[in-house]
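The following note sets out some points for a colleague reading this structure. Please keep the model open while going through them.

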Amino acid sequence: MSVSLQKGQKISLDKEAGGSLSRIVMGLGWDAIKKKGLFGFGAKSESVDLDASCLMFDENGKSVDAVWFRQLKSQDGSIVHTGDNRTGAGDGDDEQIIVDLSRVPPQVKSLVFTVNSFTGQNFSQVENAYCRIVNAADQKEVARYDLSVQGAHTAQIMAKLYRHNNEWKMHAIGENGSGRTFDELMPKITPHLN
């Protein structure tokens, strides 16, 4: 059964999955903005381009690598982004990042997932935004984090996966920020790496 995460909550991914997790999928989903036409007729959808990123850090908080729409695969091959969705159209996850936890290099102590509104809409305009962690072995959702917190921010540090006592844990960070790419969030990410 999936855990609905709250801001600041920490969970053991292995425990929630009912065994050892080796591959996970971080899914990001959202809906295009629906606008009513003149006099309420002819509704139109406005595309929203949210971008999921996965940042890799060592135990000293130094950036090791980043997987995002401009680099779809980590240098070591353990993390793969399935591609950039620029509209939010369709059902289910709009973007996915697949992480082979068993292949993440030992010097990498934490993975930070972020989402940015590349097209600049703030999250108060984006509907049904979420991120979730899925066990790739059986496609069962392990955890879900609702991102549709209303506000004028254009970016969010969603969650951190980190190694602790030989298992992977997840910390739902949920810190709001601004910027079109993860680079602009780095000053806010740094305090969460300890």
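**Strand 14 and its surroundings**

1. Strand 13 and strand 14 are paired in the antiparallel sense, with nine bridges between them. The model discussed here is a predicted one. Within this pairing, Leu 161 has Met 170 in strand 14 as its bridge partner. The two strands make up a hairpin with two residues between them, and Asn 165 in the turn has a positive phi of about 50 degrees.

2. Strand 14 also pairs with strand 2 (residues 10-12), again in the antiparallel sense, over three bridges. Here Ser 12 is placed opposite Lys 169 of strand 14.

3. How far is strand 14 enclosed by the rest of the structure? Eight of its 11 residues are buried, so the strand is largely enclosed.

4. Lys 169 forms a salt bridge with Glu 167, and their closest N and O atoms are 3.8 Å apart. Glu 167, at 23% relative accessibility, counts as partly exposed.

5. In total, the structure contains five salt bridges. Arg 144 has a relative accessibility of 30% and counts as partly exposed.

6. The largest nonpolar core comprises 37 residues, and those with the most contacts inside it are Leu 13, Val 99, Leu 111, Met 158 and Leu 161. At least two residues of this core come from each of several strands, including strand 9 (95-100), strand 10 (108-117), strand 13 (155-164) and strand 14 (167-177). Another core, of 13 residues, lies apart from the largest one; among its members are Phe 57, Ala 155, Ile 157 and Ile 173.

7. Which residues does Met 158 touch, leaving aside those up to four places away in sequence? Among them are Met 26, Leu 28, Phe 113, Val 115, Cys 131 and Tyr 145. The contacts of Met 158 also include His 171, Ala 172, Ile 173 and Gly 174.

Technical notes
Residues numbered from 1 in each chain as written. Predicted model: local features only at pLDDT ≥ 70, side-chain atom pairs only at ≥ 80, totals over all residues. Heavy atoms only, no water. Salt bridge = Lys/Arg side-chain N within 4 Å of Asp/Glu carboxyl O. Buried < 20%, exposed > 50% of the residue type's maximum accessible area, 1.4 Å probe, protein only. Core = buried A, V, L, I, M, F, W, Y, C linked by side-chain atoms within 4.5 Å. Helix = DSSP H or I, 4+ residues; strand = E, 2+ residues; numbered from the N terminus. Contact = heavy atoms within 4.5 Å. Pairing = 2+ DSSP bridges.
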